[in-house]
Amino acid sequence: MKLRVHLLILMAVTALGVTMLGSGAVAQQAGSPNIAIDSDLAIQYDTGGMITDQVIIEFNTHAEQRAAQASDILPGVIFDRAMSSRPIARYNITDNSTPFEVITHLRSFSSIAEVYPNYKRSAARIPNDPYYQQLQAEEFQVAQLPTAWDIETGSHSVLVGVIDTGVATAHEDLIDNLVLPGINVREGDQWPNIVEDDSGHGTAVCGVIGAVGNNGIGCAGTAWTVKMLPIRACGGQYLDCDLFDEVEAIDAARLNDCDIINLSIGGIGTISVEEAAVTEAYNAGIVIFSAAGNANPGRLYEATGDPAIDRTSLYYPAALPEVIGVGAIDNNGEKADFSNYGEDILSIMAPGVDIVTTVPDDEVYLYDGVGPPYGLASGTSFSTPMATGVAALILSHYPGLSPDDVRARIEMTAIPMPGPDDDQNGINDHFGYGILNAAGAVGQTGSTGNNFMQVGVAQSPIFPGEVLVIVKALVPMTSPPTINWSMRDTSGGGIVPTSEVDTRPGLYIGRFNPTDTGNISITVTGMTDGAPLTPVTVLYLFGG
């Protein structure tokens, strides 16, 4: 029996690509001064936000990952936890070695594909106003939600994966919209009720997305009817988590067929494993939202154009191209002081100050005269789920739209806010594409604009096959604006002129006949004093 056990250990160790040492030999430690740290590490990874006593190891196969876990002979580290859907495990460093030293040493093992540092992630919350006020009507009006609810209030056919601290599983205003028992990638099934919230953050996020509406109690979510799958990846007093748990949570959302993912978490720096998880979720048809994060004051994030630098210096996952990054405004439409910004992490802005939402019965951030299970919350953590809820309304009303279609509806109908740094796409560092416009995103008639032109689109009431484009010039025009339209889902498109309305100077109308039903991208261009104006683009659903 002893011989068999020894043989099994030898087979596992051999599979890992480790050379067995004789009884007189000493294994080289990961932190040995004889090891020169790989020169690429300082370029690929910034040490800010790095967890100094952990690494993430990606094995070639699940079998090699399990063999390493069984034998536990990798030098300088001890196994912590493995992902269920990838041959990846988190290891704790057992000596005084740095992550870079451990990575350099373990890269030489033939069973290991790559070794990464682990990074902190945290929920994007800031301290709350100590006094409760009934602000919900005001904050929702900023995002044009009451008008959107005349069109759509949601559907249980849409599933949102809420990656956060869990949820108050028995909350009176959430329970009908929750998919329980949920998933816990942080502590596993041993945690109370699997995903019971120990901080209140996840419960507040769920309330903004989908507190049951029109039920006579509490508050209303952005989507009154929606299914929310709570995935606990963060927790504790400081609402902390890490890249490892975030990636496993994204995988869990994808494998459970979520339509939307809400990530009210983030941090500086990324690794290829996170990029892969987000890309796979996006390719599976999932719309992904992430908070732009908070600072005191809000921080500007700008890409350098050098991918190696940007991967270590931008705020992730909001900076990933498949992700819709969301910043926060107050109820006056001004950028919240705490909200991070920069067009490289930011797509849109949504209300995120004093948001009325759900909290657990024992939530510590409550306010005089209120008490649980409701309270106020501020931060990009709570502007993000408002955008997520609008995406749920869109998918409820227009089932089958792709992530690109949903994103286009949200970005192209946003209420533009001027900035000194507007680029040719009408996006700027302070507001992205603008303020979330639920009515425009959910409605069939698109409308938007900038400092120079306001554009509205509608189906002709007289000729059903014709689309009307109305342009209101806010500055003197050198010549009538031009319309460039194209079908997003099928072929077809063209360029058509506009003509000024005789009795309404500065008002122009153009018309065209689409080649098919579906989403149409309509871009209006114009000139003033011989210079081109910033174009305005509207996404319009024709015949839907």
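This is a predicted model: local features need pLDDT of at least 70, side-chain atom pairs count only at pLDDT 80 or more; totals for chains, interfaces and linings use all residues.
Start with the largest nonpolar core, which has 70 residues. Select Val55, Ile57, Leu74, Tyr91, Leu106, Ile163 and Ile261, the residues with the most contacts inside this core. Then select residues 243–255, helix α8, which supplies seven residues, the largest share of the core. Apart from this core lies another, of 55 residues; Val167, Ile260, Tyr374 and Ala377 are among them.

Go back to leucine 74 and show its surroundings. Leaving aside residues up to four places away in sequence, leucine 74 touches Ile57, Phe59, Ala68, Tyr91, Leu106, Phe109 and Ile112.

Next come the aromatic pairs, of which the whole structure has four. Select phenylalanine 79 and tyrosine 91: their arrangement is edge-to-face, at 5.7 Å centre to centre with 80° between the planes. Phenylalanine 79 is in strand β2 (residues 77–82) and tyrosine 91 in strand β3 (residues 88–93), so the pair ties together parts twelve residues apart in sequence. Phenylalanine 79 is partly exposed at 21% relative accessibility, whereas tyrosine 91 is buried at 0%.

Move to tryptophan 485 and phenylalanine 512. Their ring centres are 4.5 Å apart and their planes are at 10°, so this pair counts as stacked. Tryptophan 485 belongs to strand β20 (residues 479–487) and phenylalanine 512 to strand β23 (residues 507–512); the pair links distant parts of the chain, 27 residues apart. Tryptophan 485 is buried at 6% relative accessibility, and phenylalanine 512 is buried at 3%.

Finish at arginine 232 and tryptophan 191. The charged end of arginine 232 sits over the ring of tryptophan 191, 4.1 Å from the ring centre.

Key: Residues are numbered from 1 along each chain as its sequence is written. Side-chain values use heavy atoms; hydrogens and water are left out. A nonpolar core is a set of buried Ala, Val, Leu, Ile, Met, Phe, Trp, Tyr and Cys residues joined through side-chain atoms within 4.5 Å. Buried means under 20% relative accessible area, exposed over 50%, partly exposed in between (1.4 Å probe, protein chains only). Helices (H or I, at least four residues) and strands (E, at least two) are DSSP runs, numbered from the N terminus. Contact means heavy atoms within 4.5 Å. Rings of Phe, Tyr and Trp (its six-membered ring) pair if their centres lie within 6.5 Å; planes under 30 degrees apart count as stacked, over 60 as edge-to-face and the rest as tilted. A charge sits over a ring if NZ of Lys or CZ of Arg is within 6 Å of the ring centre and within 35 degrees of the ring normal.
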